[in-house]
Amino acid sequence: MTTPTPRVIVPNTAAKGEIFQVKTIISHEMETGLRHDDQGNVIPRKIINKFVCSYNETVVFSVDLHEAISANPFFEFSLRATESGRLDFVWEEDGGAVYMLSHQFTVG
Amino acid sequence: MSLTRRDVLIAGSVGLAGVALFSPRSARANDEALDLVQQLTGRTATVSDRLHLIMPTDFPTGYTVPMSLDIDSPMTEADHVRQMRVFAPRNPLIEVASFHFVPQRSLPRVSTRIRLAKPQHVVAVAEMNDGILLMTTTWVRVATDGCA
């Protein structure tokens, strides 16, 4: 399995009060735990089970993911520009691994 | 940890056959989805056209079916949606995702891609800030099993 790599597409600036779009994706197999290997053994579940987007440390959007989210989970959502600062994106994987990205954002 | 279709069937002391026999007829689909939501949440949902679950009617692969979900809501402190949940009742594991929104900060809309094991009515349920549940369904026919 390759190392999960997160990516986000977010504007760098927005006007105060403006709605802006966020696109996020992480490369991940999202192994459902329903498949078997060649020997007939169950391949254990390993999915991204949570995604959280915070805006200056306030959670503004989050997702609980189950097995039916496709491999390489992708989310597109919309936030309101309130003030300049930092957007943090966190993906939590079964077993406790965490993948993160941050994005500086200016409200003009 | 996850709800399986079997759990739901066992949980439903009434109308066992209803959950198993999903038909493409939308009125009946709504009734069956309402029963499902009742079993999963213990609460009664209302079918609402404020909630929009947009998916292709026909899709070649069950592995990555596009899904967009939104609800008409002002997203004020007094009137907003807390979360929207998606279920695929004919998948081996029926829960797909829960999306959480924040009044004033996020719009109540999201797009993603999901797995579907077979043709079915996908169900979306919105929980409003006053605890009301709104529901909608959409029929999707996939040609291949995305959960195998």
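Biologist: What pattern does chain B follow when it is read along the sequence?

Modeller: Keep in mind that we're looking at a predicted model. Along its sequence, chain B reads α-α-α-β-β-β-β-β-β-β-β-β.

Biologist: What scores does the model carry, and what is the mean pLDDT of chain B?

Modeller: The model has ipTM 0.96 and pTM 0.88. For chain B the mean pLDDT is 88, with 84% of residues reaching 70 or more. Residues 13–23 of chain B are another story: pLDDT is below 50 there, and the stretch makes 20 contacts in the model beyond near neighbours in sequence.

Biologist: What does UniProt say about the two chains?

Modeller: An unreviewed UniProt entry annotates residues 11–98 of chain A as "domain: Sulphur oxidation protein SoxZ". In the model that span is 0% helix and 49% strand, with its end C-alpha atoms 24 Å apart. For chain B, an unreviewed entry puts "domain: Ig-like SoxY" at residues 39–147. That span is 3% helix and 53% strand, and its end C-alpha atoms lie 23 Å apart.

Biologist: Let's pick one residue. Why is Leu79(A) called buried?

Modeller: The cut-off is 20 or more other C-beta atoms within 10 Å. Leu79(A) has 22 such neighbours, so it counts as buried. Across chain A, buried residues make up 25% of the 108 residues.

Biologist: Where is Leu79(A) found, and what is Leu79(A) in contact with?

Modeller: Leu79(A) belongs to strand S6 of chain A, residues 74–80. Setting aside neighbours within four places in sequence, its contacts include Phe20(A), Val22(A) and Tyr55(A), and, from the other chain, Arg105(B) and Ser106(B). Gln21(A) is 58 residues away from Leu79(A) along the chain, yet their C-alpha atoms are separated by 6.5 Å.

Biologist: What share of the contacts in each chain joins residues at least 24 apart?

Modeller: Counting contacts between residues at least 6 apart in sequence, the share is 55% in chain A. For chain B, it is 67%.

Biologist: What makes strand S4 of chain B "mostly covered"?

Modeller: S4(B) spans residues 65–71, and five of its seven residues are buried.

Biologist: Which residues have the most contacts inside the largest nonpolar core?

Modeller: Those are Ala124(B) and Met135(B), in a core of 55 residues. Leaving out neighbours within four places in sequence, Ala124(B) touches several residues, among them Leu51(B), Leu69(B), Val86(B) and Met135(B). Buried residues make up 38% of the 148 residues in chain B.

Biologist: Now the interface. How many residues of chain B are in contact with chain A?

Modeller: 27 residues of chain B are in contact with 24 residues of chain A. S7(B) gives the largest share of the chain B side, eight residues. By class, that side has 13 nonpolar, nine polar and five charged residues.

Biologist: How do you know that S5(A) and S6(B) pair?

Modeller: Same test: at least two bridges are needed. S5(A), residues 58–65, and S6(B) share five bridges in the antiparallel sense, so the two strands count as paired across the chains. There, Phe61(A) stands opposite Phe101(B).

Conventions. Residues numbered from 1 in each chain as written. Chains lettered and ligands numbered in written order. Predicted model: local features only at pLDDT ≥ 70, side-chain atom pairs only at ≥ 80, totals over all residues. Core = buried A, V, L, I, M, F, W, Y, C linked by C-beta atoms within 7 Å. Buried ≥ 20, exposed ≤ 12 C-beta atoms within 10 Å, placed from the backbone. Contact = placed C-beta atoms within 7 Å. UniProt positions renumbered as here; feature names shortened; annotations may be inferred. Helix = DSSP H or I, 4+ residues; strand = E, 2+ residues; numbered from the N terminus. Nonpolar A, V, L, I, M, F, W, Y, C, P; charged D, E, K, R; others polar. pLDDT = per-residue confidence, 0-100.
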